[in-house]
Structure formats: C-alpha cells, structure tokens
Amino acid sequence: METIRMIFKRIVLLSTVVVIATFLLSLLMRLLPGDPAAVLVPNAPEELRALIREETGLSKGIFGYYWQWLSGMLQGDFGKYYLNGGYRPVSEVLKKCLPPSLFLILYAQIVALALSIPLGLISAYKENSRFDRITSSVLFTAVSIPAFASGIILSLIFAVQLGWVDPIGYESPFGNPVEHFKLMILPVTSLAIGLTSSYTRLLRTDVIATLKEDYVTMAASKGISNKRVLWKHVFRPSSTTLLTSAALNMGGLIGGTIIVEIIFVIPGIGYEIAYSIGARQIVAMQTLIALVSFAYVFFNSTVDLITNITDPRTRERRV
Amino acid sequence: MSSTEQIATTDIAPVQKARKKRPFGFYLAGFWVALILFLAVFGDFLPGPQWDESFYDSLGVAPFHQSHILGTTLDGYDMYSGLVHGARLSVFVALVAVIVGGAIGTVIGVASAYFRGKIDVVITMAFNIMLSIPNLVLSLALISVLAYSDENNPASTTRRVGVLMLSLTIVIIPILGRIARGATLQWSSREFVLASKSMGTTNFTIIRKHILPNVAPAILAIGFLAIGSVIIVEGSLAVLGIGVPGGGSWGSMLANGRGNIAFSPWEVYLPAGAIALTVISCNWFGDYVRKALDQRESKI
C-alpha cells in the first residue's frame, strides 16, 4: 500500500514538473520580439501567417497557445516544422532522429561499463598501487577534455590523417551493419571517455568500502580465490551506485549527445534540436526540448523509485 | 555563549585544515590557474602581436616560428595573442556565471533548507524543473531567444556576451542551490544549531555563524567543478555557432579553426589544450577540497 502511494506521489510530482517546465519553455518562446508567426515563416504572405497563427494557437495568447500545444502533445500531434512553402510534422522527424541517438547512447554506455568495471575493480583491489595511480590520473585528465575537443581531434587523427573510418555520417544498422559500426566508433569513443572516467571512480570508491567489510575477510579466510571473492562477494554489493548512476545518465545523455552529433553529423535528436533552434522553428524546438526533459525526469524518477523499492536503506537518505 | 561555540566548532564540526605538505598537483594546477588569470588581466599590456590583426606575410605558419611563437591561423591571426585575448573572455564568463549563480543559489538553497515549510517545497520544485532540462539545451534555448536578432538589427558582440553570461548564470543557480540546500539540511539539525536557537540567537546570525561556514566548503568544491563545466559549455556553444563570434574566446577560436584542421591543426589543438588544462586544474582543485571533506574517503 505504501509503495502504491509512493508511486502515485511520484507520478503527480513528475507530471507537475513536466507541465511547469514546458509552460516556462513556451513562455520563453513567446519572449521573442515581434510576431511569432513572422519568426516561423519570415518571407510568407500575411494570409499564410494568419493560417499558421490559427493552426498553432499562437493567436490565442500564452495560455491558449500552451493548452493547444499540450493537448496536441497528449494526442500524439507534436507540431510541425514550417519550412519555406511547406511543412514537416515533428513526429515524422522524430521517427528518423530517435534511433541514431539511442544507438549512440547505448553503445557509449556499453563501452563505458565494459571498461570501467574491470578498471574500477582492479584499481580498488590494488589501492594506491602504481596501476591505481596511473589509472586515476589518466581518467582524471580524460574527463576534463571536452567532448567537442576530443571529437574533433579523434576525427582529425583517425579519419582524416590515417583514413581508417569516414569522419562524418550515419548508416542504419539494418541496411549496412559494418558501415554502421565503423561510423559509430569515433562518436562513441568521444562520448564514452567521460562516462568511463566517472563510472570507474564511483565503482572504485564503493569497492574500497566493501573490501573493508567483515564478510569479505571471512570469504578470503575460507580460502576462496581472490578473483572469486572480487566478482562474487565484492562486485555485486558495490555496483548499486554505479548502476544507478548509469541509469540516471541515460536521460542526461539524450540531451548531452548534441555536440557529438553535430561534430560527426549524425542525424539524431540533438542535431534536430540545434537545427530547429538555428532555423527558429519555435514550435518544433519546444516539442523536442520538452521530450528530452520528459525523458530525463522520467528516467530519474523511475530509477529513484526502483532503488527505493528494492533497497529500503536508501529511503531515509532522500529526505 | 562563546564557550558553547568553542565546544561546538572543535567537537562536532570536523572541518579539516589543509595538510601542510601539499601534493605536487596542487602547485601544478595552481601555477596554470595563476598564469591564466595573470594573462587574462594583464594580457593587453604585454608586448606581442595584436590579436585581431591579420599578418598577410605569414599565413598559417606552424608554432615556434620566430615572430609568432604559437604560429598563426590560416587567415594570419597570431595564435598566442588570440589565446591570451580569449582567456579573458572564457575566464570572465565562467567566473561571473559561477560566482553570481553560486551566490544566488546559495542564498536560495540555504534559506529554503533552513526555514523548510512551503517555501522549501516550492524552491525544490523550481530547482527540479530547471534541472530537468539538460544544461546545454537550456543555455541554447535561452541564448537563442535572448540574443535574438534579424537582418535589420543584429545583436552586438557585447549583448551576446551578456546574454551568454546571463544564461550560464541561470544554469548554475539550481546546480549549486541544490548542493547548498542539501548541506544546510544536514547541518541545521545539529545540536549546536538547536542550542544556539534556544538561546535566542536570531536566524540570520545562526545562518551566518553556524550554517554558512559549514556549508561553504561543499559549495566551493562543486563551484570549482562548475567553473570547468561552464568553460566547456561556452566552448560547446561556440562550436554550435551561437557563442561569442569572431574568435573572441577559446571555444570560438576552436570553432573557427575547425574548418582548417587538415592544414593547420594547431588552430584546434592549442585552444583545445588551453580549455582542457584549465578544466583539469579546476577539477583538480574541486577534487582536492572534496577529498579534504569527504568523511568516507578520508576515513579509509
């Protein structure tokens, strides 16, 4: 019963946050000086502008506009891009731009976890050894290099100078899987660098704490091999923070891939957001940003809820 | 009363003094930050080529050229003076955003956690709303609206820089505000705060004397990290083409040099290196403060 009440409370909180955030977003869009319809279609005749004003609800004032946008969103009408002479529904664009972003995030997470789990375990096990110190300083340096710089430099070295892969572009994994993975190597690397670094540090701190526990000494004294103790007795209890943080990152990464997508010209959601901002497509921009924020809040609360239910110890910590 | 305070600060608040023997990285990071700050303030008085003058006789020369120590861009702009000039804007924007945003966030966060009640619920909600939009996307949206320009009256560079600073400040407020709120929640339920309250000390004095000194280190640690990330966001915005125009900052230099990367790669390497070193130094200081505070890690 308590769990159901908690879930209900979360849902109410989540929808309030999303509604207010999107309302503020639409308010922000209306702050643009001048007629919003003129911003959307700068060179169109007055009749077309009036039509667009009617269609988007821009003629109805801030609340009317927001209400029309929100009810449209709930019914699956995500607004349109108004381009010179024609229009393109945002839902159509979304269908095309979501898969590249999701693949990018998925691969980056897999690479980062695959690297950081062994690195974190070993460097915690050999705390303050040479391996530990070198790993932490290399990772510390790596996390400070911004994704745009590492992306540009990686593409210069491996694509332009060495010519191993193409510097830009995207290929669907279903049409041409080999080319898909080849094109994804560089963007995934530049995204995964920072992730690996923060995951390794999280895991290392937790493993060091777990290694001090009595049951680890007990297991070791029973004569179980170090490898088995590390994997079976230490890794599982230490991995909660890591997995929570990895799950939380999913939401943040949807917006965070924007710069990598621009540099490697991957037609993902970040690319579309930047494009719609550049083209001043305020309706499409509002929809895309709202979706990213919704995904972010949704992931955060879901992860929070799951850890709350599965590990009651965390409850009192989140006052 | 003074004796109570004495006991409180020595017994309960284990604010660690910095160790006498500081690690090597401390001096390294300190040297770089001092150098950047010095160049940002006094760069214009130092001898050297003009940053916005194109040298037509030496287009795109490599670093370690006799008159251009760090080389020039393909358009003949001197890299060294460009970097020095860019340091001013990059550092200025980051410092203003973090200091102003941090101050506002701290005031809001401390007040909301100290007084609790309905105000706290509203402020937490406001922070959550602002944090629900990824910070690069939020600053993108803010800048594109606030620095709006059309062909008839384009936004000036000053206005763009102002808008950039304002947007980054708005982005910083909830990040540091949440840290301040969390730390205050921890400290305001301590016995020495209760004791002080029961003696009739005003809320303002309690906050000033008991809460703020304990909350400050946590904010400082995250503040250093925030300076690093603001520099990165500024660079990212420049790469997206809506930051400072015309090579006026490090990110802007990098964005301009991107097209010439195959011919003069130092145009990208040098600003990227300057950004990376500054961010590393800031992160290092943040980490140092955090380690000095982190009970869990220092106990081990």
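Visitor: Is Asp120(B) buried or exposed, and how do you know?

Guide: Please keep in mind throughout that this is a predicted model. Asp120(B) has a relative accessibility of 5%, and the word buried applies under 20%, so Asp120(B) counts as buried.

Visitor: What makes the contact of Arg116(B) and Asp120(B) a salt bridge?

Guide: The side chains of Arg116(B) and Asp120(B) meet at 3.3 Å, N to O. The cut-off for a salt bridge is 4 Å between a side-chain nitrogen of Lys or Arg and a carboxyl oxygen of Asp or Glu, so this pair qualifies. As background, side chains of opposite charge can pair when their charged atoms come close.

Visitor: Which residues are joined into one network with this pair?

Guide: Salt bridges with shared partners link Arg116(B), Asp120(B) and Arg181(B) into one network.

Visitor: Where is Val265(A) found, and what is its phi?

Guide: Val265(A) is in the loop between helix 11 (258-263) and helix 12 (269-278) of chain A, and Val265(A), which is not a glycine, has a positive phi of about 45°. With a relative accessible area of 32%, Val265(A) is partly exposed.

Visitor: How many salt bridges does the structure hold over all chains, and which side chain meets Arg204(A) in one of them?

Guide: There are four salt bridges over all chains, and in one of them the side chain of Arg204(A) meets that of Asp132(A) at 3.0 Å, N to O. Arg204(A) lies in helix 8 (residues 177-211) of chain A and Asp132(A) in helix 6 (residues 130-144) of chain A, so the pair ties together parts that are 72 residues apart in sequence. Both Arg204(A) and Asp132(A) are buried.

Visitor: What makes the pair of Asp287(B) and Arg201(A) one that crosses between chains?

Guide: Asp287(B) is in helix 10 of chain B, whereas Arg201(A) is in helix 8 of chain A. Their side chains meet at 2.8 Å, N to O, which is within the 4 Å cut-off, so the pair is a salt bridge. Asp287(B), at 12% relative accessibility, counts as buried, while Arg201(A), with a relative accessible area of 34%, is partly exposed.

Visitor: How many salt bridges and polar contacts does the rule find across the interface of chain B and chain A?

Guide: Across this interface the rule finds one salt bridge, and it also finds two residue pairs in polar contact. On the side of chain B that touches chain A, helix 10 of chain B provides the largest share, with 11 residues.

Visitor: How many residues take part in the contact, and what area is buried between the chains?

Guide: The contact takes 40 residues from chain B and 47 residues from chain A. About 3,800 Å² is buried between chain B and chain A, and carbon and sulfur atoms give 80% of that area.

Visitor: Why is the pair of Phe38(B) and Phe42(B) called tilted?

Guide: A search of the whole structure finds 20 aromatic pairs over all chains. For Phe38(B) and Phe42(B), the ring centres are 5.3 Å apart and the planes are at 45°.

Visitor: How do you know whether Lys80(A) is buried or exposed?

Guide: Lys80(A), found in strand 1 (residues 80-82) of chain A, has a relative accessible area of 19%. That value is under 20%, so Lys80(A) is buried. Among the residues that Lys80(A) touches are Glu55(A), Tyr87(A) and Val283(A).

Conventions:
Residues are numbered from 1 along each chain as its sequence is written. Chains are lettered from A and ligands numbered from 1 in the order in which they are written. This is a predicted model: local features need pLDDT of at least 70, side-chain atom pairs count only at pLDDT 80 or more; totals for chains, interfaces and linings use all residues. Side-chain values use heavy atoms; hydrogens and water are left out. Rings of Phe, Tyr and Trp (its six-membered ring) pair if their centres lie within 6.5 Å; planes under 30 degrees apart count as stacked, over 60 as edge-to-face and the rest as tilted. Contact means heavy atoms within 4.5 Å. Buried area is the accessible area (1.4 Å probe) that two parts lose on being put together, summed over both. A polar contact is a pair of N or O atoms within 3.5 Å; within protein, one must be able to donate a hydrogen and the other to accept it, and residues adjacent in sequence count only if both atoms are side-chain atoms. Helices (H or I, at least four residues) and strands (E, at least two) are DSSP runs, numbered from the N terminus. Buried means under 20% relative accessible area, exposed over 50%, partly exposed in between (1.4 Å probe, protein chains only). Lists of a residue's contacts leave out its neighbours within four places in sequence.
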